[in-house]
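Thanks for coming. I have one structure to go through today, so let me put it up.

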Amino acid sequence: MASGTTTMSNDTILKVEHLSMRFGGLMAINDLSLEAKRGEITALIGPNGAGKTTVFNCITGFYKPTMGMITLNQKSGKQFLLERLADFEITKHAKVARTFQNIRLFSGLTVLENLLVAQHNKLMKASGYTILGLLGVGSYKREAAAAIEKARYWLEKADLIDRADDPAGDLSYGAQRRLEIARAMCTEPELLCLDEPAAGLNPKESLALNTLLRGIRDEGTSLLLIEHDMSVVMEISDHVVVLEYGQKISDGTPDHVKNDPKVIAAYLGVEDDEVEEVISEELEGGAR
Ligand SMILES: Nc1ncnc2c1ncn2[C@@H]1O[C@H](COP(=O)(O)OP(=O)(O)OP(=O)(O)O)[C@@H](O)[C@H]1O
């Protein structure tokens with residue numbers, strides 16, 4: 001166990017403790033603690049500016065938190081303090097992969113090539129970083145075949161196998177999103193972090209995304225997502241954490257948070273004790 005890590009049950013994959021992030025005079029995250037369970041889809045939601053992206057950026061190493069501890073607990077029991085690692089170490093050693101709000105594919109490469117590029121480091125290692133290795137001597141050939149097999153596996157899962165040889169840039173927006181997720185899965189992450197995966201998708205693409213994400217969870221990878229689309233959050237999440245002004249205001253099952261007056265108040269932009277009044281006014285307005 002790395003020094004400074006906490007005791008954690010094996011079914012917890014991520015533990016965020018007393019996380020704070022200050023930007024100048026603004027406390028964007030204020031003493032936030034949360035947990036994500038292994039093999040679950042955890043959603044981080046909250047009104048605009050609540051701090052979701054900031055938490056995400058702290059977990060994935062884009063920001064160094066002002067205070068707090070972020071522990072990633074791998075299946076093997078190996079633990080990593082993410083706030084102490086550089087972003088590439090978080091991907092490579094802690095096995096945390098992420099996708100971004102804006103799609104980042106190699107649009108001129110084929111769909112299959114995009115998934116092979118994701119496995120580049122592993123392939124180069126197998127080549128022994130030598131010309132002979134690259135020419136097919138030793139383990140490189142075996143690893144190259146395994147990389148293609150893995151790519152094809154995730155293309156099947158993402159319903160993109162028929163597009164394997166098309167340029168990634170020719171895919172529809174929803175298909176590009178699924179390709180990005182398939183590419184992240186080729187790095188064999190223990191935790192996959194998705195930043196607004198459903199943004200800009202039409203209802204059909206959204207359903208295909210839900211199927212892919214559930215499939216990933218059912219194969220044992222844990223997911224953490226920021227999402228504004230409540231139909232996606234309520235449909236696929238096992239666990240929802242709600243932020244407002246950088247603090248946690250609710251935490252539980254989708255049904256629990258959906259009915260939590262604090263959450264309703266945050267989304268309506270009113271005080272907790274005004275929720276019932278506002279809802280009955282809305283209902284009366286709708287009935288008129
Ligand atoms: N790099 C930064 N420098 C200064 N302030 C920042 C920075 N990043 C975020 N903030 C501020 O921190 C607060 C939280 O922002 P954040 O983007 O994390 O919220 P969010 O919940 O992801 O919002 P949205 O749903 O609109 O994406 C906001 O007030 C934002 O302006």
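What is the order of the six strands in the open sheet? The order is E6-E7-E8-E3-E9-E10, and the pairing is mixed. Strands pair here if DSSP finds at least two bridges between them; strands (E, at least two residues) and helices (H or I, at least four) are DSSP runs, numbered from the N terminus. Strand E6 (96-99) and strand E10 (247-252) are at the edges with a single partner strand each, so one side of each has no neighbour in the sheet.

Before going on: this is a predicted model, where local features need pLDDT of at least 70, side-chain atom pairs count only at pLDDT 80 or more, and totals for chains, interfaces and linings use all residues. Residues are numbered from 1 along each chain as its sequence is written.

E6 runs parallel to strand E7 (residues 191-195), joined by four bridges, and Val96 stands opposite Leu191 in E7. Helix H8 (residues 203-218) packs on the sheet and touches E3, E7 and E8. Touching rests on contacts, meaning C-beta atoms, placed from the backbone, within 7 Å.

Now the ligand. Which residues surround the ligand? They are Phe23, Leu26, Ala28, Gly46, Asn48, Gly49, Ala50, Gly51, Lys52, Thr53 and Thr54, where near means a C-beta atom, placed from the backbone, within 6 Å. Strand E2 (26-37) and helix H1 (52-59) are the elements giving two or more residues to this shell. H1 provides the largest share, three residues.

Overall, the protein chain has twelve helices and ten strands.

How values were computed: Two residues are in contact if their C-beta atoms, placed from the backbone, lie within 7 Å. Axes are lines fitted to C-alpha atoms, for helices over the stretch in contact, and angles run from 0 to 180 degrees between N-to-C directions.
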